[in-house]
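Dear colleague,

Please find the structure below, together with its sequence.

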Amino acid sequence: MEKEVREYIDMDVLVFGRGKYFQSKRKSIENKYHIIGFLDNAVSGDVVECQDGLPVYSPGRLQYEMQSNHILIASVHYAEMYGQLHEMGIGDDRILFAVSETPYYFDWEEFYFYGDQKLVGRDGVIYYQVSDSAACPFFTEIKNRLNTMHSGIAETAMKKIRGKLLNGQKLNVVFFESRSQTWFFDTLYRLFKENGLFRVSVVIVPFVMSGKDVMCEILGKMKRFLRQKGIPFIAGYDEDTDEFFDPLTLKPDILLFTHNWAGHVHEYYQLFRYTDSFNYLINYGIQLMDHASELNEYANYLSKKEYLSSNDLIPLASHYRGDAALNCAALGSSKLDPYFDKKYIPMDCWKPGNDGKKRIIWAPHWTDFIYKETGPYALSSFFDLYDYMIEIANEFKKNIQIAFKPHPLLFEQVKKSWGKDRVEKYYQKWMEMENTQLVEGQYMDLFLTSDAMIFDGCSFTLEYLVTGKPAIYTQASEGNLNFNSFGKQVFEQHYHAVNLLDDIREFIQEVVIEGKDKNKDKRMQFIREHVAGMNHRTPSERIYFDILNDCEVKQ
């Protein structure tokens with residue numbers, strides 16, 4: 001290690017990435033390198049910003065200046081950033097990776113870099129290098145290790161489950177969830193609770209992504225939500241003692257969760273720790289984007305099963321994971337239960353006093369042009385539409401009412417540009433206008449009792465489609481779409497706002513108010529042919545019986 005430090009200590013580097021990831025490793029990086037500036041995709045052209053007294057450049061400037069400097073990639077999106085630099089013609093000898101620097105940001109970093117291993121780029125491919133001579137493609141190494149770990153977990157868990165059943169012991173079922181908006185476990189919770197073979201626990205996962213204050217706010221909302229449902233829970237974080245709850249004390253045999261992204265949840269909830277349970281991923285989103293993390297995160301590998309909403313997604317999972325995608329089952333998504341349950345009666349959650357008016361949802365996503373610094377796509381059209389949608393509500397007030405349904409993270413994102421007071425006033429306006437309302441939290445009943453939607457998100461592309469109602473997709477002027485092959489098919493079922501403002505007005509007038517929905521038959525046919533769940537059982541019921549089968553429980 002001393003040799004490596006001496007090798008790099010005098011090296012000038014431009015750090016690509018200056019967010020939480022870099023800050024967490026900053027001390028280690030500064031001990032090894034001499035930082036002379038930063039690169040950031042949010043900076044354009046010849047503009048030079050400043051951070052901590054150092055310049056911040058657009059990566060594009062590397063093509064015509066700073067051509068001898070080394071670049072240290074310090075972001076969770078190191079693969080995308082490396083690909084960007086490679087396409088720009090930046091030589092591999094100039095590119096370094098910070099993922100092996102300590103402290104490890106995620107458990108998976110420690111899993112891969114516990115020794116002297118590091119990453120190197122070669123001709124557009126990232127390699128995992130143990131020594132000067134031994135190297136293999138990094139993502140091949142990841143898959144090999146995760147597949148080995150997956151097999152070990154499955155074998156250990158099955159042995160434990162069989163032993164407990166033979167001894168007449170109950171199996172411990174644990175539900176992980178952090179936010180009310182992504183709780184889709186009502187049916188599964190009830191089914192396991194009613195079966196005497198299981199002991200059921202619900203744990204609220206600390207959502208650490210946006211800092212302690214936001215984590216506590218989300219935690220409080222989830223507590224209130226579960227109390228209203230009458231579901232007992234364990235809070236994953238205690239504000240009084242400032243301590244996190246370790247779910248391993250529950251000794252789970254079956255673990256169900258809707259997401260396990262390393263950067264979103266506390267380390268106690270990283271899937272690497274759960275090595276003797278059957279772990280089931282019922283993703284809170286619908287995998288429609290052409291991005292590896294959609295179907296290729298470590299949680300996808302370490303799950304006993306990953307339940308998908310369509311057979312069309314299985315080839316995509318296989319593209320990323322090869323044989324490791326054999327754990328995928330297209331039994332549907334629990335979040336789609338209400339759409340396929342003929343006995344379900346949605347609650348009317350619309351503001352009273354607007355009888356006879358058409359009900360439209362406006363659902364802006366949280367990723368705007370700023371997010372292009374670190375993400376593979378930028379979706380939100382909020383900054384293009386925030387004034388216009390108020391105008392629309394006023395213009396058509398005799399004919400429509402609008403529910404403003406922002407993504408849960410939109411408030412924090414917009415606050416970066418506007419400040420807290422302005423965002424709060426904007427949200428308040430939607431609550432106060434005669435024919436508008438603000439909707440946060442669960443949204444299934446809102447969808448089912450609406451007439452149309454205006455949106456720009458990912459999973460809503462399919463989630464609202466299954467209602468059979470018309471929707472128009474509003475692409476941001478600064479955004480980019482990156483749907484996978486299934487996502488492209490789903491996207492084509494909606495109306496599209498090519499000329500953003502004019503097309504929205506036309507959609508409201510002709511499709512919603514006048515009922516000229518020319519795409520309805522096409523949408524319904526697509527749902528029947530491509531979306532799992534159209535049979536006598538809901539997706540959750542199908543998943544429940546599949547889990548019983550995995551555990552060799554008699555049905």
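At roughly what angle do the axes of helix H12 and helix H14 cross? The axes of H12 (residues 382-395) and H14 (residues 420-432) cross at roughly 45° and come within 11 Å. H12 is therefore oblique to H14 (angles under 35 degrees count as roughly parallel, over 145 as roughly antiparallel, 65 to 115 as roughly perpendicular and the rest as oblique). Axes here are lines fitted to C-alpha atoms, for helices over the stretch in contact, with angles from 0 to 180 degrees between N-to-C directions.

Please note that this is a predicted model, in which local features need pLDDT of at least 70 and side-chain atom pairs count only at pLDDT 80 or more, while totals for chains, interfaces and linings use all residues. Residues are numbered from 1 along each chain as its sequence is written, and side-chain values use heavy atoms, with hydrogens and water left out. Helices (H or I, at least four residues) and strands (E, at least two) are DSSP runs, numbered from the N terminus.

The contact (heavy atoms within 4.5 Å) between the two helices is made by Phe382, Tyr386, Met389 and Ile390 of H12 and by Arg422, Tyr426, Lys429 and Trp430 of H14.

Turning to the strands, E4 (residues 54-57) is joined to E2 (residues 34-39) by two bridges, and these strands run parallel; two strands pair if DSSP finds at least two bridges between them. Leu39 has Tyr57 of E4 as its bridge partner. Strand E3 (residues 49-51) runs antiparallel to E4, with three bridges between them, and Glu49 is partnered by Val56 of E4. The hairpin of E3 and E4 has two residues between the strands.

Asp52 is exposed, at 52% relative accessible area, and Lys251 is exposed at 61% (buried means under 20% relative accessible area, exposed over 50%, partly exposed in between, with a 1.4 Å probe and protein chains only).

Val466, in the loop between helix H16 (460-463) and strand E23 (471-473), counts as buried at 9% relative accessibility. Leaving aside neighbours within four places in sequence, Val466 is in contact with Leu336, Tyr339, Phe340, Ile527 and Val531.

Finally, the peptide bond from Thr102 to Pro103 is cis, with omega near 0°.

Yours sincerely
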